[in-house]
Amino acid sequence: MHDIPESEIAGIVSPDTTRSGPRSAREINLSAVQSVVETVRSTLGPRGKDKLIEKPDGEVLITNDSETILSETAISNPVASLTISVAKAVGQEYHDGSTTAVILTGALLDAAESLIEQGVAPNVVARGFEHARQCANRSLDDVLIPGGWNVEVLTHVAATATTGNGLGMAGSDMATRVVEAAALVRDADSFDPDRIRIVTQTGHSPATSTVSQAVALAKDPVRQAMPDEVIDGRVLFIRGSLELSDTKQKTAITIEDVDSFTRFHEREATEIRDLAERVVDLGADAVLCSRSIADEAQSVLSRENVLAIRQVDEDALDTIAASLGGTVVSSVTEATTDDLGSGDFRRDPDDELFCIEGNGEPRPTIIIRGPTQGMVDELVQHVETGLEVVAAASDGGVVGGAGALEVELSHRLRRAARGIDGREQLAFEAFADALERIPQTLGENAGLDPVDALVSLRTAHATGDRWAGIGTDGDIINAVDTNVYEPVEMKRQVLKSATEAATLVLRIDDVLTVDALSESIRSD
Ligand code: ADP
Ligand code: MG
């Protein structure tokens with residue numbers, strides 16, 4: 001349920017409207033944003049519903065991720081697209097919070113609309129909203145629970161960010177894996193999620209997903225005869241191939257007789273063998289190439305007992321080089337012994353993986369397993385989200401979720417509004433109303449009467465229960481006691497994006513006003 005009565009919406013398209021251009025333009029924009037909100041609001045929270053999307057090519061997608069839903073839904077209105085880009089901006093940073101950002105944008109615009117109807121100019125509303133947001137940010141500083149490496153809290157942060165996914169136990173196991181991997185690369189209370197690799201395998205139970213300190217590489221040696229274990233070996237990393245370069249092959253294209261053809265091939269084979277000899281001369285016990293390894297080179301390397309692996313994707317190559325303290329070179333001819341890394345390669349025959357470990361930077365891998373590709377893909381999404389929110393939480397701190405934060409900020413904004421004069425006070429109150437749309441929607445999705453839920457929440461917050469929110473079953477809970485945590489930085493970003501988007505839409509209206517004016521001047 002939202003606050004615009006149906007009659008108002010109908011008024012937008014009513015042909016007998018006598019409203020001025022700018023006003024109806026604003027209403028059209030508002031209804032475009034509301035249509036985006038309507039698309040995603042029922043997905044919010046642990047009781048959010050999934051959407052079934054049928055793509056033009058007939059593929060059917062079931063998801064409750066706003067970013068996905070909005071990317072797959074054809075929306076042509078520019079103002080609606082703007083709202084979607086807000087969702088994506090928040091989503092890109094944390095892989096989370098998109099739905100909240102969209103709902104808040106819509107709620108702010110609703111609130112703005114009633115202020116404008118009371119005669120407040122749109123730019124005054126915009127300014128008031130920005131001040132209210134800054135005030136909310138200061139309240140956030142006040143209520144936040146500082147960051148730090150609290151494994152339990154961080155695991156709950158990851159779990160909260162991925163609830164409502166229908167994955168059950170597999171989902172919560174992933175939260176544990178995320179924090180385990182993060183701990184391996186943490187530097188004081190922060191870590192770089194990009195240092196954790198994700199590899200996937202299908203055909204296994206999700207419960208067998210693990211974190212490996214070693215880099216896992218799902219590759220085979222190029223020849224079976226090669227060693228599949230190298231202990232304390234020296235390793236060369238080539239971003240490229242062990243082949244003759246294309247240009248060399250092209251210069252030798254004119255061949256007149258069989259003899260010169262044979263000679264040409266022999267020369268080529270010798271050159272390739274030389275490349276492989278060079279790998280051996282550098283003292284490498286293993287060589288990893290991002291591209292191919294010519295047959296003649298494979299023979300030499302195999303004979304010399306060098307482990308060679310080809311077609312290693314570039315990300316994996318960089319990761320392994322970093323963890324073994326080596327440098328990736330673009331060809332063997334430019335490599336020096338300093339470029340070699342060192343470490344161990346162990347083959348796990350059951351897992352069809354190499355486990356690679358060295359003395360360079362720690363680069364753990366989360367190995368995600370699931371019965372099907374679809375499930376694995378979903379788990380990957382959760383792990384990626386988990387890594388971002390855990391990084392944000394350990395660094396910047398957390399707040400209670402379940403709508404508790406929004407009610408608390410709303411409560412504080414209303415209190416602050418009392419000390420403010422005039423129209424700004426109205427904007428503060430409007431911002432406070434808009435924030436309540438989040439717990440209201442959570443309640444609605446849990447089957448509650450939204451008004452009743454809000455009344456109980458307001459009472460709880462007025463009596464100092466700062467983290468009172470809506471539980472999974474629609475009951476009033478204390479978010480912190482029930483471990484529903486979210487990173488404070490994500491909440492800041494949601495407030496910022498939603499305020500910016502709402503302000504932009506209000507401004508678009510100003511532009512239309514000027515156009516409409518010049519139109520009427522021209523027609524005079
Ligand atoms: P978003 O795209 O905004 O992240 P979600 O569908 O993930 O949307 O819902 C997020 C909301 O659900 C947040 O307000 C969060 O605090 C709340 N939430 C998540 N897990 C729980 C839970 N276990 N109990 C209550 N609320 C929860
Ligand atoms: Mg979420």
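A residue is counted as surrounding the ligand if one of its heavy atoms lies within 4 Å of it. Please bear in mind that this is a predicted model.

Let us begin with the ligand. Ligand 1 is surrounded by 18 residues, and the closest include Asp 96, Thr 99, Thr 100, Thr 163 and Ala 402. Which helix gives the most to the shell around ligand 1? That is helix 5, spanning residues 98-117, with three residues.

Several polar contacts involve oxygen atoms of the ligand. A polar side-chain atom of Thr 99 is 2.8 Å from an oxygen atom of ligand 1. For Glu 486, an N or O atom in the side chain lies 2.9 Å from a ligand oxygen. Ser 98 takes part through its backbone, where a polar atom is 3.3 Å from an oxygen of ligand 1. Of the 580 Å² of accessible area that ligand 1 has on its own, the protein covers 91%.

The largest nonpolar core has 104 residues, and Phe 129 and Phe 191 touch the most other members. Beyond its neighbours within four places in sequence, Phe 129 is in contact with Leu 108, Ala 111, Ala 112, Ala 427, Ala 430, Phe 431 and Thr 499. Another core, of 25 residues, lies apart from the largest one, and its members include Leu 236, Ile 238, Ala 276 and Ala 284.

Methods
Residues numbered from 1 in each chain as written. Chains lettered and ligands numbered in written order. Predicted model: local features only at pLDDT ≥ 70, side-chain atom pairs only at ≥ 80, totals over all residues. Heavy atoms only, no water. Polar contact = N/O pair within 3.5 Å; in protein donor to acceptor, adjacent residues only side chain to side chain. Areas by Shrake-Rupley, 256 points an atom, 1.4 Å probe, with all protein chains shown as cover. Helix = DSSP H or I, 4+ residues; strand = E, 2+ residues; numbered from the N terminus. Core = buried A, V, L, I, M, F, W, Y, C linked by side-chain atoms within 4.5 Å. Buried < 20%, exposed > 50% of the residue type's maximum accessible area, 1.4 Å probe, protein only. Contact = heavy atoms within 4.5 Å.
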